[in-house]
Amino acid sequence: MAVAEAFDHLRRSALGCLCCGARELRRETQIVSGFLAARAWGGPPQITELATCPACGLRFFERGLSDAETARYYRGYRDAEYVRSRWRWEPFYTRGQHQALLAWTHSPLRTEAVRAALAQSGAPTHYASALDHGGDQGQMLAAVEADRKAVYEPSACAAAQGIARYDDAARLPGGWSLILSCQVLEHVSSPAAYLRNIAALLADSGWLYLEVPNEQWRPAPGRETLRAAWLKQLLRWRPLLMFADLLCTASRIKLGRLPPFGFVAMREHLNFFTAASLRAILARSGFTVDSCGINRAGQLFAVARKFATVDAGSDRTVTTIT
Ligand SMILES: [Zn+2]
């Protein structure tokens, strides 16, 4: 029986880069958002670090979430109460923005991008079975033809018509010919453990379509020691912290850079991938990569196939025989 390695969600860089394993990482001080801290573990905003891997370009927050914190955070994800409580910390997360996000989630542009990426990678046009893992209502399955379609979604959410729904990971059967994992990997504390689980759910030589946001930005100008001292002070002034968060978020999203002494608040996205980092983590998690790049919807994607036998030789996997 394979036993997952002891993964420390508070020190995620303990074994090096989460994707390629490189030990030398650059570090900078960042802030955990008040909303995430309150909802996941009932705490105030706090300091964390963002690690950057010079080898593969992955950026990731040092702190992640435990299983219990993840369950707390994603319970009733994006329902009315979620929007109200998020608004208390992030007045810029308006109802209009929330609706725009939901509209994008269900847009045909996204499914067309999946269809095109799979076709371009030489993937089959028809599958015996297809699973959308963490897929909301399973709307992305409209991109593929399959005899049997299902969605795995732990948060309470009805599946689209003709799609079976699983909400309990323990009851999820394996042997899938195709798995879609869209906009999930950036949320998980241990991406390698997540992908090994996906590999275990796939049939031998089964296909994976993996998609994450393409989020890149230039770091904040200014001396790191001064910036760290400033961010610690900022934690004490909630209105100023909220204003600075708004400024930094707008600058990063709209302009692709942070203002001087700016910061990236840790919210739901714990990991920021590059094509090189996706390739690296897939290769270490039991997959061969067929294609990887930016899809038509502007998202970073990879199409990969499971090795016939999952490589248990990764330095992150501990296997015991019972
Ligand atoms: Zn790396």
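Is Gln183 buried, exposed or partly exposed? This is a predicted model, and in it I counted 17 C-beta neighbours inside 10 Å of Gln183. I found Gln183 in the loop between strand S8 (176-182) and helix H6 (191-201). Its phi is near 60°, a positive value in a residue that is not glycine.

I looked up Phe261 next. Phe261 sits in the loop between helix H8 (238-255) and strand S10 (265-266). Its phi is also positive, near 60°, and it is not glycine either. I noted Phe261 as partly exposed, because 19 other C-beta atoms lie within 10 Å.

Then I turned to H8. Its 18 residues should span 26 Å at 1.5 Å a residue, and I found the end C-alpha atoms 25 Å apart, which agrees. Which residues of H8 are buried? I listed Leu241, Ala244, Asp245, Cys248, Thr249 and Arg252. Seen down the helix axis, these buried residues fall within an arc of 130°, so they line one face of H8. An α-helix has 3.6 residues a turn, so residues three or four places apart point the same way. The buried residues of H8 pack against helix H7 (224-234) and S10. On the other side of H8, I noted Pro239, Leu240, Ala250, Lys254 and Leu255 as exposed. Just after H8, Gly256 has a positive phi of about 75°.

My last entry is Leu109, in helix H5 (residues 108-120). Leu109 counts as exposed because it has 11 C-beta neighbours inside 10 Å. Leu109 and Arg296 are 187 residues apart in sequence, yet their C-alpha atoms are 7.8 Å apart in space.

Notes:
Residues numbered from 1 in each chain as written. Predicted model: local features only at pLDDT ≥ 70, side-chain atom pairs only at ≥ 80, totals over all residues. Helix = DSSP H or I, 4+ residues; strand = E, 2+ residues; numbered from the N terminus. Buried ≥ 20, exposed ≤ 12 C-beta atoms within 10 Å, placed from the backbone. Expected span 1.5 Å × (residues − 1). Arc of directions from axis to C-beta. Contact = placed C-beta atoms within 7 Å.
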